[in-house]
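Let's take a friendly walk through a protein model together. Have a look at the sequence and the picture, and keep both at hand while you read.

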Amino acid sequence: MSVFGGLLKAGVSFCQSTLILTTRSIYTGVSCRIRMHAIPELKKVDRWTEKRSMFGVYDNVGILGDFKAHPRELIVGPSWLRGFKGNELQRLIRKKRIVGDRMMTLDKHNMEKRLRFLYRRFNRYGKHR
């Protein structure tokens with residue numbers, strides 16, 4: 001009887017260990033290692049794009065000119081665009097205010113048409129809606 005009991009205990013322990021292993025593999029899944037094949041290559045960056053090459057161009061104005069001239073004053077271009085930052089509607093409003101009375105008839109008419117369109121568009125679909 002003791003031999004039979006020993007075999008029974010060994011069989012139960014064997015079954016329990018296999019059941020535990022199978023239930024663990026079912027519920028937790030098989031753990032797999034994360035493989036890293038290679039270190040990713042560095043991105044190739046163009047160091048001489050227009051934006052990067054012009055960075056700090058006007059820094060010497062203050063040093064050489066005793067801080068009397070603002071870099072905005074050195075920009076060559078239309079008066080309504082110097083030192084301006086904004087969207088098309090704001091740009092056209094500024095242009096109309098500054099040079100609207102001196103514009104040719106057809107140019108002024110086309111600008112006012114564009115302004116009417118942009119007013120409608122911004123009032124209907126603007127960010128503030």
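Predicted model: local features only at pLDDT ≥ 70, side-chain atom pairs only at ≥ 80, totals over all residues.

The protein chain has six helices and zero strands, and reading along the sequence gives the pattern α-α-α-α-α-α. Of its 129 residues, 10% count as buried. The accessible surface of the protein chain comes to about 12,500 Å², and 60% of that area belongs to carbon and sulfur atoms. Now consider contacts in the protein chain with a separation of 6 or more: residues 24 or more positions apart account for 20% of them.

**A pair of opposite charges**

Side chains of opposite charge can pair when their charged atoms come close. How many salt bridges does the structure hold? There is one, and its partners are Arg114 and Glu88, whose side chains meet at 2.9 Å, N to O. Is Arg114 buried, exposed or partly exposed? Arg114 is partly exposed, with a relative accessible area of 34%. Glu88 also counts as partly exposed, at 30% relative accessibility.

**A patch of positive charge**

On the surface, Lys96, Lys113, Arg116, Arg120 and Arg124 gather in a patch of positive charge. Which helix gives the most to this positive patch? Helix 6 does, with four residues. You can find Arg120 in helix 6, where Arg120 counts as partly exposed at 43% relative accessibility.

| Residue | Relative accessibility | Class |
|---|---|---|
| Arg114 | 34% | partly exposed |
| Glu88 | 30% | partly exposed |
| Arg120 | 43% | partly exposed |
| Glu73 | 54% | exposed |

Glu73 lies in helix 4 (residues 71–74). Because residues over 50% relative accessible area are classed as exposed, Glu73 counts as exposed at 54%. Along the chain, Glu73 and Gly83 are ten residues apart, and their C-alpha atoms are separated by 8.1 Å.

Lys95, in helix 5, has another setting. Which side chain of opposite charge is nearest to Lys95? That side chain is Asp107, 7.0 Å away. Lys95 is buried yet has no salt bridge, because a salt bridge needs a side-chain nitrogen of Lys or Arg within 4 Å of a carboxyl oxygen of Asp or Glu. What is Lys95 in contact with, leaving aside neighbours within four places in sequence? The contacts are with Trp80, Gly100, Met103 and Met111.

Definitions and conventions: Residues numbered from 1 in each chain as written. Heavy atoms only, no water. Buried < 20%, exposed > 50% of the residue type's maximum accessible area, 1.4 Å probe, protein only. Patch = residues over 30% accessible without salt bridge, like charges linked within 9 Å, V, L, I, M, F, W, Y side chains within 5 Å. Areas by Shrake-Rupley, 256 points an atom, 1.4 Å probe, with all protein chains shown as cover. Lys, Arg positive; Asp, Glu negative; His and termini not counted. Charge placed at Lys NZ, Arg CZ, Asp CG, Glu CD. Helix = DSSP H or I, 4+ residues; strand = E, 2+ residues; numbered from the N terminus. Contact = heavy atoms within 4.5 Å.
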